[in-house]
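Hi there,

Have a look at it first, and then read on.

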Amino acid sequence: MTEKRHQWASNLGFILAAAGSAVGLGNIWKFPGKVGAYGGGAFLLCYLLIVFLVGFPVMLAELSIGRATQKNVVGAFRTLNPRWRFAGYIGIVTLFVILSYYCVVGGWVLKYVQIYAAGAHFGAGPGAYADYFSTFSARPVEPLLWGLGFLVLCIVVVVRGVSQGIEKVSKVLMPLLFLLLAGLVVYSVTRPGAGEGLRFLFGIDPARLSGDTLVGALGQAFFSLSVGMGIMVTYGSYVPRTENLAKSAGCICILDSLVALLSGLAIVPVVYITAGPEAMGMGGGFAFMALPEVFSRLPGGVFFGFAFFLLLFVAALTSAISILESCIAWLTEEFGFARLKATLLLVIPMSFLSAGY
């Protein structure tokens with residue numbers, strides 16, 4: 001027997017949970033680096049235009065499909081047209097792989113929260129921060145244990161259900177995320193010399209408005225908004241039919257863009273002050289190698305680093321919860337599994353896949 005279909009207890013809870021899904025590693029970890037790699041204000045302009053001209057309609061469409069069908073992503077596409085069932089399965093496979101990677105990065109973030117809570121001892125000498133991350137990530141066991149701890153936190157929330165688990169946690173974590181981010185922004189923009197970084201972030205160089213910048217902004221927007229994977233179809237299926245989906249989708253896009261903008265304000269100025277523009281755009285190593293070195297040069301850098309990685313952890317957790325929920329909804333509705341059993345069936349192979357990264 002399948003479980004009774006869950007619903008959000010309130011529209012605010014739904015918006016915060018969906019915004020939590022959208023506000024993830026893409027906003028805090030990737031966005032400042034992408035801004036640096038693609039020319040600052042030119043990338044920001046392209047990103048915001050794509051979010052509202054492309055991302056918003058796609059999100060609204062996915063939420064509408066979910067609410068109209070009241071099914072998980074596979075069931076929703078099958079209901080629309082049996083020939084489209086494959087699109088739902090592609091979404092499930094994609095989410096499974098993404099969550100395996102999220103657990104790895106989430107474990108790294110948890111480790112760095114612990115490091116900064118203990119005083120941020122990375123070692124001394126040139127390249128100490130990069131060497132620390134390289135050594136830690138190459139260890140055979142420790143990163144797996146931190147990743148498993150991150151996954152267990154996701155499981156605890158998802159097993160409790162939609163309104164009692166995801167919604168309640170989102171109502172706590174999302175305000176905490178904005179509070180932490182606002183504090184980091186105030187600290188960053190009030191540093192002496194922050195104006196240079198702000199000019200880079202908001203200044204638009206026409207020469208940087210290229211096809212590469214547009215493609216980079218498009219990929220960032222879709223990853224950041226959690227569209228194109230089936231998450232919003234699943235979340236939309238829990239929305240009561242009386243809610244205004246267009247208004248909700250608009251609020252989610254605004255919150256997501258606001259977090260991306262604030263993360264740029266929090267990171268770009270302090271990087272410019274301490275390391276210069278060449279430190280931007282380091283890809284995956286930006287948060288775990290460049291930023292700890294930047295923080296070490298700032299007054300109160302240990303506290304700043306702790307707040308940043310705690311913020312990154314909250315963002316990663318809210319996104320990972322939404323990914324896991326979309327996969328769990330597929331198993332519970334299509335095969336009749338209880339939530340706990342469905343979760344265990346997913347996380348065991350997922351743990352093995354994570355070990356391969």
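A salt bridge here is a side-chain nitrogen of Lys or Arg within 4 Å of a carboxyl oxygen of Asp or Glu. By that rule, the count comes to 7 salt bridges. Before I go through some of them, two notes on where the values come from. This is a predicted model, in which local features need pLDDT of at least 70 and side-chain atom pairs count only at pLDDT 80 or more, while totals for chains, interfaces and linings use all residues. Residues are numbered from 1 along each chain as its sequence is written, and side-chain values use heavy atoms, with hydrogens and water left out.

**Salt bridges**

As background, side chains of opposite charge can pair when their charged atoms come close. One of the pairs is glutamate 334 with arginine 78, whose closest N and O atoms are 2.9 Å apart. Glutamate 334 sits in helix α14 (residues 301–335) and arginine 78 in helix α4, so this pair ties together parts that are 256 residues apart in sequence. Helices are DSSP runs (H or I, at least four residues), numbered from the N terminus. How covered are the two partners? Glutamate 334 is partly exposed, with a relative accessible area of 25%, and arginine 78 is partly exposed, with a relative accessible area of 25%. For these words, buried means under 20% relative accessible area, exposed over 50%, and partly exposed in between (1.4 Å probe, protein chains only).

Glutamate 142 and lysine 111 form another salt bridge, with the closest N and O atoms 2.9 Å apart. This pair links distant parts of the chain, with glutamate 142 in helix α7 (residues 142–159) and lysine 111 in helix α5, 31 residues apart. Glutamate 142 is partly exposed at 23% relative accessible area, whereas lysine 111 is buried at 9%.

Within helix α8 (residues 162–189), glutamate 167 and lysine 171 lie 4 residues apart, about one turn of the helix. They form a salt bridge too, and the closest N and O atoms are 3.6 Å apart. Glutamate 167 counts as buried, at 1% relative accessibility, while lysine 171 counts as partly exposed, at 39%. Elsewhere, salt bridges that share partners join Lys111, Arg139 and Glu142 into one network.

**A nonpolar patch on the surface**

Which residues form the nonpolar patch? They are Leu45, Leu49, Leu53, Val54, Ile204, Leu209 and Leu218, with about 590 Å² of accessible area together. Patches are made of residues with over 30% relative accessible area and no salt bridge; like charges are joined within 9 Å, and nonpolar side chains (Val, Leu, Ile, Met, Phe, Trp, Tyr) within 5 Å. The areas come from the Shrake-Rupley method with a 1.4 Å probe, and for residues only the protein chains shown count as cover. Helix α3 (residues 41–69) gives the most to the patch, with 4 residues. Leucine 218 belongs to helix α10 (residues 211–225) and is partly exposed, with a relative accessible area of 37%.

**Buried places**

Helix α1 (residues 11–22) is mostly covered, as 10 of its 12 residues are buried. Among them are Phe14, Ile15, Leu16 and Ser21. At 1.5 Å a residue, α1 should span 16 Å, and its end C-alpha atoms are 16 Å apart, which agrees. The expected span of a helix is 1.5 Å times one less than its number of residues.

Valine 259 lies in helix α12 (residues 245–274) and is buried, with a relative accessible area of 0%. Not counting residues up to four places away in sequence, valine 259 touches Val23, Asn27, Ile28, Leu177, Phe178 and Leu181, where contact means heavy atoms within 4.5 Å. Valine 259 and methionine 174 are 85 residues apart in sequence and 11 Å apart in space, C-alpha to C-alpha.

**Loops**

Asparagine 72 is in the loop between α3 and α4 (73–80) and counts as buried, at 0% relative accessibility. Its side chain reaches the backbone nitrogen of valine 74 at 3.0 Å. Serine 226, in the loop between α10 and α11 (231–236), has a positive phi of about 60 degrees although it is not a glycine. Serine 226 is buried, with a relative accessible area of 5%. Alanine 120, in the loop between α5 (85–117) and α6 (128–138), has a positive phi of about 60 degrees and is not a glycine either.

Best wishes

Terms used. Helices (H or I, at least four residues) and strands (E, at least two) are DSSP runs, numbered from the N terminus. A polar contact is a pair of N or O atoms within 3.5 Å; within protein, one must be able to donate a hydrogen and the other to accept it, and residues adjacent in sequence count only if both atoms are side-chain atoms.
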